[in-house]
Number of protein chains: 2
Amino acid sequence: MIALDWGTSSLRAFRLARDGVILAQRAAPKGILAVPPGGFEAVLRETAGDWLAADPTAPLLLSGMVGSRQGWIEVPYAEAPADAAALLAKAVRHSLSDGRQAVFLPGVSCQRGDVPDVMRGEETQIIGALALAGLADGTVCTPGTHSKWVTVAGGAIRAFATFMTGELFAVLRDHSLLGRGFPRAADGSFETAPADLAAEGFRRGVAHAFADPALLRSLFSTRTLGLFDRLPAVALPDYLSGLLIGAEIAAALPEGGNRDIPVIATAGLADRYRLALAQRGYTARLIAGEDAAAAGLAAFAALLPEGTPA
Amino acid sequence: MIALDWGTSSLRAFRLARDGVILAQRAAPKGILAVPPGGFEAVLRETAGDWLAADPTAPLLLSGMVGSRQGWIEVPYAEAPADAAALLAKAVRHSLSDGRQAVFLPGVSCQRGDVPDVMRGEETQIIGALALAGLADGTVCTPGTHSKWVTVAGGAIRAFATFMTGELFAVLRDHSLLGRGFPRAADGSFETAPADLAAEGFRRGVAHAFADPALLRSLFSTRTLGLFDRLPAVALPDYLSGLLIGAEIAAALPEGGNRDIPVIATAGLADRYRLALAQRGYTARLIAGEDAAAAGLAAFAALLPEGTPA
């Protein structure tokens with residue numbers, strides 16, 4: 001099988017055996033925002049053309065923002081609850097220029113009170129993480145620009161919520177009064193705190209977020225702690241990161257759910273969530289994002305009719 | 001008396017009678033960020049030089065960010081609780097080039113849990129609002145870039161909290177994914193919704209903030225409501241404004257305090273707070289910012305020794 005996790009800013013292609021073993025993988029900075037109009041098939045062939053030629057009947061699966069309105073083929077969201085089979089049932093087939101079928105997986109939508117929520121790409125990681133962790137029920141977290149907290153039951157995505165944690169950190173650092181207090185190096189980049197100070201800043205941010213759940217009110221402490229020299233300015237970015245991740249975790253953690261939370265992320269970010277969860281008495285089961293995506297794509301492929309191209 | 005409310009982005013000068021009646025006032029876009037190094041006295045004389053010359057023994061009072069580290073003379077914060085007399089006792093006298101004394105009022109600091117908070121300029125408006133409203137106890141709100149919610153008892157500022165509501169709205173509109181979904185006119189400015197749609201968007205934002213107190217989670221609904229055509233895109237900025245102001249009010253409103261909240265702001269902003277407070281069953285007592293500042297400066301002046309220049 002040839003499978004792509006094709007997001008907003010990056011593209012990851014996998015060549016997978018039927019049993020899900022990764023035979024090869026490639027990454028490219030060719031997220032959908034970097035693809036010119038009408039250029040999706042060309043990028044696919046640049047990235048995986050040799051794999052497609054070598055195995056002309058292998059199923060071709062695509063997941064992520066490539067199936068959004070801004071992507072290649074718009075695939076309507078599948079409504080939660082949805083397990084892997086339900087998602088695959090909502091996939092959209094599209095013929096490439098040579099007649100080969102590509103299967104575009106849907107994102108997932110849910111309704112939370114009076115507002116909808118959506119994910120696109122994370123559902124594949126969630127399905128994969130459940131397979132890797134041997135879980136069918138519980139809460140799973142995918143930290144990032146827009147973190148998702150997902151409730152899973154019986155192997156199906158039941159409900160979830162998006163937290164704009166990573167994006168809010170970036171806009172506050174780059175465009176607010178708070179970021180203007182962060183020291184910069186001569187080249188304009190933000191200074192990095194020594195490891196012990198960074199850890200201390202992060203820990204205190206998490207602790208304050210747990211003590212005051214109202215983020216609009218807690219944010220300003222990033223400024224006042226600097227103003228009163230209660231925290232070295234170089235540790236203020238870590239403090240702000242702790243405030244935001246702490247606020248996310250305080251709001252998202254289920255009452256009485258699993259105490260061991262699968263966290264699907266790159267190493268550095270996953271570590272921040274591990275530390276913040278530990279301050280709340282939880283453990284994190286770290287799963288690399290690409291491993292989760294590959295396992296999820298393999299799980300979908302296993303549901304395709306054996307021996308027939310999708 | 002000659003008194004200045006000199007903030008970050010603007011300057012307002014008042015000529016006041018001893019009884020607080022405003023004889024004349026002038027505003028200039030000469031906030032402290034617009035003053036060149038060493039240029040404060042020149043800006044003072046440009047703005048109020050004729051008043052100073054006409055009344056050489058009148059007390060001269062200055063309030064606001066002009067007393068900050070980035071201002072003219074740094075005045076240390078007075079620690080809460082502090083009433084008008086306590087604040088005046090912490091004022092710093094500074095001689096102008098002609099020997100005239102200028103009295104720089106302090107800001108106020110307080111400790112909330114493990115973090116400090118500060119205000120500078122709002123304390124004068126608070127003191128003035130209490131005088132105008134005939135109040136000595138209760139909760140007062142000064143909405144804005146950094147909103148303050150202030151608890152007053154016995155005429156003294158006891159405790160307060162800063163909410164970065166206005167600044168967060170601006171950075172999310174101008175620099176986040178949410179703002180990229182706000183329609184723009186041909187000249188690049190954001191489109192304004194018709195009054196009924198704007199009101200509907202704002203009301204729904206406030207309602208959702210009251211339903212979900214976690215702002216990090218509620219923010220993304222600004223995008224999904226547009227994505228699913230549940231709210232016309234032109235009303236999304238009002239929805240975001242409602243989300244933020246609603247989150248502020250939900251976190252700030254005291255349990256069992258006054259149901260009639262003095263709100264010190266310009267007309268348009270005050271009206272948003274009036275509407276949001278009404279959704280929670282509260283009323284707003286609107287007080288114009290310049291009236292509150294003038295009344296506060298007059299209250300301080302009344303405490304100065306009669307007949308002697310400060």
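Analyst: Buried area is the accessible area, taken with a 1.4 Å probe, that two parts lose on being put together, summed over both. The size of an interface is often given in this way. Please keep in mind throughout that this model is predicted.

User: How much area do chain A and chain B bury between them, and what part of it is on carbon and sulfur atoms?

Analyst: Chain A and chain B bury about 3900 Å² between them, and 68% of that area lies on carbon and sulfur atoms. On the side of chain A, M164(A), L216(A) and R217(A) supply 19% of the area buried against chain B, which is more than any other three residues give. Counted by contact, 47 residues of chain A meet 47 residues of chain B.

User: Turning to the sheets, what is the strand order in the open sheet of six strands, and which strands stand at its edges?

Analyst: The order in chain A is β3-β2-β1-β4-β7-β6, with mixed pairing. β3 (22-28) and β6 (92-95) of chain A stand at the edges with a single partner strand each, so one side of each has no neighbour in the sheet. From one strand to the next, the twist averages 20°. β2 (residues 11-16) of chain A pairs with β3(A) in the antiparallel sense over six bridges, and L11(A) has A28(A) in β3(A) as its bridge partner.

User: Which helix lies across β1, β2, β3 and β4 of chain A?

Analyst: Helix α11 (residues 289-303) of chain A lies across these strands, and runs at about 50° to β2(A).

User: What is the strand order in the open sheet of three strands?

Analyst: That sheet has the order β5-β8-β9 in chain A, again with mixed pairing, and its edge strands, β5 (78-79) and β9 of chain A, each pair on one side only. β8(A) and β9(A) pair in the antiparallel sense over five bridges, and Q111(A) stands opposite P116(A) in β9(A). Both β8 (108-112) and β9 (115-119) of chain A also give two or more residues to the side that touches chain B.

Technical notes:
Residues numbered from 1 in each chain as written. Chains lettered and ligands numbered in written order. Predicted model: local features only at pLDDT ≥ 70, side-chain atom pairs only at ≥ 80, totals over all residues. Heavy atoms only, no water. Contact = heavy atoms within 4.5 Å. Helix = DSSP H or I, 4+ residues; strand = E, 2+ residues; numbered from the N terminus. Pairing = 2+ DSSP bridges. Axes fitted to C-alpha atoms, helices over the stretch in contact; angles between N-to-C directions.
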